[in-house]
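Please look over the structure first.

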Amino acid sequence: MKNYKIVVAGATGAVGLEMIKMLESRNFPVKSIRFLASERSAGKKLKFNGEEVPVELLTKNGGKGIDIALFSAGTAVSKEFAPFFSNDACFVIDNSSAWRMDKDIPLVVPEVNPQVLRKDKKIIANPNCSTIQMIVALKPLHDFAKIKRVIVSTYQSVSGAGQKGINELTEQTKAWANGYEIPPANKFQYQIAFNLIPQIDVFTENGYTKEEMKMTNETKKIMGDNSI
Ligand SMILES: NC(=O)c1ccc[n+]([C@@H]2O[C@H](COP(=O)([O-])OP(=O)(O)OC[C@H]3O[C@@H](n4cnc5c(N)ncnc54)[C@H](OP(=O)(O)O)[C@@H]3O)[C@@H](O)[C@H]2O)c1
């Protein structure tokens with residue numbers, strides 16, 4: 001089997017760290033690996049299979065000689081850097097929402113629509129996490145009897161808001177447990193410790209939030225059916 005030269009862009013984030021763990025635990029055939037992030041983390045060290053790997057600054061040249069770049073550094077970063085990586089013949093698997101609804105970019109759940117992958121489409125978008133889980137269950141049902149409408153409830157963990165979300169819940173919970181004043185909300189609009197916030201992402205003009213519309217639009221694109 002071929003071994004791949006990999007970079008992880010956003011390696012120090014909640015998703016990036018999980019990607020690194022998955023590459024390790026699945027024994028992904030890695031020939032070499034580089035970890036990229038912003039200047040905040042450049043110079044730090046992360047472990048891969050027991051070896052220390054330095055975190056480097058993400059630059060436009062980062063895709064040279066690389067086979068696969070796993071991007072999870074946010075939408076703006078993907079927009080800015082992914083095209084340079086893909087021009088360097090590197091496959092970019094992008095975890096942000098930057099490219100998902102671009103009609104020229106495949107939006108792929110491997111169990112559902114691998115047929116849209118093409119060798120000349122170097123950026124591959126990864127759907128919203130709630131969309132992915134839902135659509136794996138819905139696809140066979142849709143093939144069997146067309147789905148018209150889906151009513152969805154999701155219960156989202158703070159990790160969906162990144163490392164800062166996890167830190168905010170941890171700090172507030174610790175303060176409460178120690179009898180200190182709970183630190184004010186920062187990443188979330190309200191205190192998140194011992195709370196549930198019935199809103200995810202900002203509201204759009206139609207009254208649904210952006211996150212809700214992602215599930216709607218991405219489902220239609222992956223299923224190839226705008227009537228759902
Ligand atoms: N598809 C899905 O299922 C799914 C699920 C969750 C999240 N996501 C997406 O994945 C992305 C990352 O989420 P997260 O939860 O891991 O966020 P996070 O914990 O805040 O981590 C962000 C990562 O991006 C890096 N970064 C930020 N700005 C950068 C820049 N200008 N240049 C280079 N690196 C930069 C950070 O590096 P520093 O350490 O240097 O700050 C860090 O490694 C987001 O787009 C999020 O929406 C997708």
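## Ligand shell

The shell around the ligand holds nine nonpolar, 13 polar and two charged residues. Here Ala, Val, Leu, Ile, Met, Phe, Trp, Tyr, Cys and Pro count as nonpolar, Asp, Glu, Lys and Arg as charged, and the others, Gly among them, as polar. The model is predicted: local features need pLDDT of at least 70, side-chain atom pairs count only at pLDDT 80 or more, and totals for chains, interfaces and linings use all residues. Residues are numbered from 1 along each chain as its sequence is written, and side-chain values use heavy atoms, with hydrogens and water left out.

Of the 24 residues around the ligand, the nearest are Thr12, Val15, Ser38, Arg40 and Ser41. A residue is near if one of its heavy atoms lies within 4 Å.

## Polar contacts and cover

Polar contacts are pairs of N or O atoms within 3.5 Å. The side chain of Asn95 places an N or O atom 3.0 Å from a ligand nitrogen. A polar backbone atom of Gly74 is 3.4 Å from a ligand oxygen. For Cys129, a backbone N or O atom sits 3.3 Å from an oxygen of the ligand.

On its own, the ligand has 930 Å² of accessible area (Shrake-Rupley method, 1.4 Å probe). The protein covers 75% of that area. Helices H1 (14–25), H2 (75–87) and H4 (162–177) are the elements that give two or more residues to the shell. Helices are DSSP runs (H or I, at least four residues), numbered from the N terminus.

## Helix pair H3 and H5

The axes of H3 (residues 129–144) and H5 (residues 210–223) come within 10 Å and cross at roughly 40 degrees. H3 is therefore oblique to H5. Angles under 35 degrees count as roughly parallel, over 145 as roughly antiparallel, 65 to 115 as roughly perpendicular and the rest as oblique. Axes are lines fitted to C-alpha atoms over the stretch in contact, with angles running from 0 to 180 degrees between N-to-C directions.

How values were computed
A polar contact is a pair of N or O atoms within 3.5 Å; within protein, one must be able to donate a hydrogen and the other to accept it, and residues adjacent in sequence count only if both atoms are side-chain atoms.
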